[in-house]
Amino acid sequence: RGGSMGGYEFLNIPDSCFIGNTIYKKLFYENADLSASDKSLFTSVINKISWLYCLKPETINIAAYRDEVRDYPEIEGIEVLVHKDYKLRRIAEIIMRTIPYPMLLIFKLEDKRQLYLAHQRISQSDSNKNTIEEFIVTDWLDGNSDLFKRLDIKQMRFTNFFALYSDIVDTVSIYNLSTMMPADDNITGLEARKLAREIEDIEEEMIDLRHKLKKESQFNRKMELNIKIKGLEQRKNNLLGGDING
């Protein structure tokens with residue numbers, strides 16, 4: 001049976017949760033309000049969608065979780081084999097909206113994998129729908145990625161599915177930050193997400209300013225932009241924990 005897990009042994013999910021069924025694209029065409037461009041995205045990018053795991057109280061000894069904001073009766077593990085890295089965020093959004101459970105969504109391109117996670121809230125306007133919170137996304141990972149060593153669910157809280165899913169999200173958040181800077185061992189997932197967001201915002205702003213600098217002909221304006229870029233670099237270095245450029 002071990003071989004059927006398809007290389008996800010590192011998650012340490014019990015065999016009782018293994019499903020291994022194909023999810024046909026038709027499900028999304030019929031249930032999601034897909035535009036023509038979304039449909040062609042599914043057709044041209046996705047090779048196959050597999051429902052790998054279903055963690056629910058009957059298959060693993062973890063309680064469902066529900067409060068006025070969240071409903072986590074189970075966690076799904078879904079793998080999407082893709083032909084190319086194109087608009088995967090949009091695809092992730094469609095899959096998570098159509099299958100409204102907390103999800104470990106894994107895109108697979110040749111021998112690399114990319115993980116998508118997001119907490120979900122019950123939609124205030126329509127209780128059959130879910131609102132997807134912030135996406136937590138990894139880079140493309142190869143088989144020996146350090147993240148896989150950290151994703152053993154048996155090291156996480158089994159209190160209920162919200163606790164377990166939060167631990168998975170936090171583990172990935174902390175790993176993502178560690179790819180940008182030496183991360184403190186005691187950092188929380190929340191702190192890691194906040195820091196990573198700040199760094200990404202600064203980087204985006206720098207790209208924007210450098211773009212403007214290229215087009216700018218006025219000397220004074222060039223100076224101003226250069227000073228702004230320097231200031232952002234300094235801020236980024238301070239966040240990254242150190243005076244990198246002395």
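1. The lining of the largest cavity comprises 10 nonpolar residues, 1 polar and 1 charged (Ala, Val, Leu, Ile, Met, Phe, Trp, Tyr, Cys and Pro count as nonpolar, Asp, Glu, Lys and Arg as charged, and the others, Gly among them, as polar). Its members are Leu11, Ile13, Tyr53, Leu55, Ile75, Glu76, Gly77, Leu104, Leu151, Ile153, Leu164 and Ile168; a lining residue has an atom within 4 Å of a cavity point, on a 1 Å grid where a 1.4 Å probe fits but cannot get out.

2. The model is predicted: local features need pLDDT of at least 70 and side-chain atom pairs pLDDT 80 or more, while totals for chains, interfaces and linings use all residues. Numbering starts from 1 along each chain as its sequence is written, and side-chain values use heavy atoms, without hydrogens and water.

3. The structure has 1 cavity of 30 Å³ or more. The largest cavity holds about 80 Å³, volume being the space filled by probe spheres set on the grid points, which are joined across faces, edges and corners.

4. Strand S2 (46-55), strand S5 (75-82) and helix H5 (161-178) each contribute at least two lining residues, and S5 gives the most, with 3. Helices (H or I, at least four residues) and strands (E, at least two) are DSSP runs, numbered from the N terminus.

5. Helices H2 (residues 36-45) and H3 (residues 88-98) pack at about 110°, with axes 11 Å apart; H2 and H3 are therefore roughly perpendicular (65 to 115 degrees). Axes are lines fitted to C-alpha atoms over the stretch in contact, and angles run from 0 to 180 degrees between N-to-C directions.

6. In this packing, Asp38, Leu41, Phe42 and Val45 of H2 meet Leu88, Arg90, Ile91, Ile94 and Ile95 of H3 (contact: heavy atoms within 4.5 Å). The contact of H2 with H3 has 7 nonpolar, no polar and 2 charged residues.

Definitions and conventions:
1 Å grid on protein atoms, 1.4 Å probe; cavity = no way out; pocket = protein on both sides within 12 Å on 5 of 7 lines; lining within 4 Å. Parallel < 35°, antiparallel > 145°, perpendicular 65-115°, else oblique.
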